[in-house]
Amino acid sequence: MPNVLAIGGTIRPGSTTELALRYCLKVLEQAGAKTELLGGQDLLLPMYDPANSQRDSRAERLLAAVRRADAVILGTPAYHASVSGLV
């Protein structure tokens with residue numbers, strides 16, 4: 001059973017980006033995949049500092065989820081012809 005992680009790039013709960021990701025995950029679950037969604041609130045991470053070995057619990061959760069994933073789906077709204085800063 002594949003493990004699929006979806007990462008959303010907007011902090012607004014219920015955004016169209018999040019809805020699209022949830023739909024994708026629902027279809028994958030129906031096909032037998034195990035799924036997980038990390039939305040915008042989960043991506044509000046501190047800036048990376050290689051000199052600091054302490055990791056925020058949200059950063060640890062993201063790293064663990066990516067390590068478990070067999071596939072990753074990125075969802076992002078278009079901001080000025082680019083991806084959101086969260087992604």
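## What you are looking at

This is a predicted model, in which local features need pLDDT of at least 70 and side-chain atom pairs count only at pLDDT 80 or more, while totals for chains, interfaces and linings use all residues. Residues are numbered from 1 along each chain as its sequence is written, and side-chain values use heavy atoms, with hydrogens and water left out.

## Overall build

The chain holds 2 helices and 3 strands, and from the N terminus on they follow the order β-α-β-α-β. Helices (H or I, at least four residues) and strands (E, at least two) are DSSP runs numbered from the N terminus. The C-alpha trace spans about 45 × 35 × 20 Å along its principal axes.

Of the 87 residues, 32% count as buried. Here buried means under 20% relative accessible area, exposed means over 50%, and partly exposed is in between (1.4 Å probe, protein chains only).

## The cavity

Now back to the opening question. A cavity is a set of points, on a 1 Å grid over the protein atoms alone, where a 1.4 Å probe fits but cannot get out; a pocket is an open set with protein on both sides within 12 Å along at least five of seven lines, and lining residues have an atom within 4 Å of a point. The largest cavity contains about 30 Å³ of space; a volume is the space filled by probe spheres set on the points, which are joined across faces, edges and corners.

Its lining is made by Gly-8, Thr-10, Ser-15, Thr-17, Glu-18, Leu-21, Leu-37, Gly-39 and Gly-40. Helix α1 (residues 16-30) gives the largest share, 3 residues. By class, this lining has 2 nonpolar, 6 polar and 1 charged residues. Ala, Val, Leu, Ile, Met, Phe, Trp, Tyr, Cys and Pro count as nonpolar, Asp, Glu, Lys and Arg as charged, and the others, Gly among them, as polar.

Gly-40, one of the lining residues, sits in the loop between β2 (34-38) and α2 (57-68). Gly-40 counts as buried because its relative accessibility is 2%. Although Gly-40 and Arg-12 are 28 residues apart in sequence, they are 7.1 Å apart in space, C-alpha to C-alpha.

Ser-57 belongs to helix α2, and it is exposed because its relative accessible area is 59%. The C-alpha atoms of Ser-57 and Leu-45 are separated by 9.1 Å, with the two residues 12 apart along the chain.

## Salt bridges

Side chains of opposite charge can pair when their charged atoms come close. A salt bridge here is a side-chain nitrogen of Lys or Arg within 4 Å of a carboxyl oxygen of Asp or Glu, and the count comes to 4. One of them joins Arg-22 and Glu-18, whose closest N and O atoms are 3.1 Å apart. Both residues lie in helix α1, 4 residues apart, about one turn of the helix. Arg-22 is partly exposed, at 45% relative accessible area, whereas Glu-18 is buried, at 18%.

Another salt bridge links Asp-42 with Arg-61, the closest N and O atoms being 2.9 Å apart. Asp-42 is in the loop between β2 and α2 and Arg-61 is in helix α2, so the pair ties together parts that are 19 residues apart in sequence. Both ends are partly exposed, Asp-42 at 23% and Arg-61 at 38%. Asp-56 also bridges to Arg-58, with closest N and O atoms 2.9 Å apart.

## A nonpolar patch

Val-72, Leu-74, Val-83 and Val-87 make a nonpolar surface patch of about 330 Å². Patches are made of residues with over 30% relative accessible area and no salt bridge; like charges are joined within 9 Å, and nonpolar side chains (Val, Leu, Ile, Met, Phe, Trp, Tyr) within 5 Å. The areas come from the Shrake-Rupley method with a 1.4 Å probe, and for residues only the protein chains shown count as cover.

Leu-74 is placed in strand β3 (residues 71-75). Leu-74 counts as exposed because its relative accessibility is 53%.
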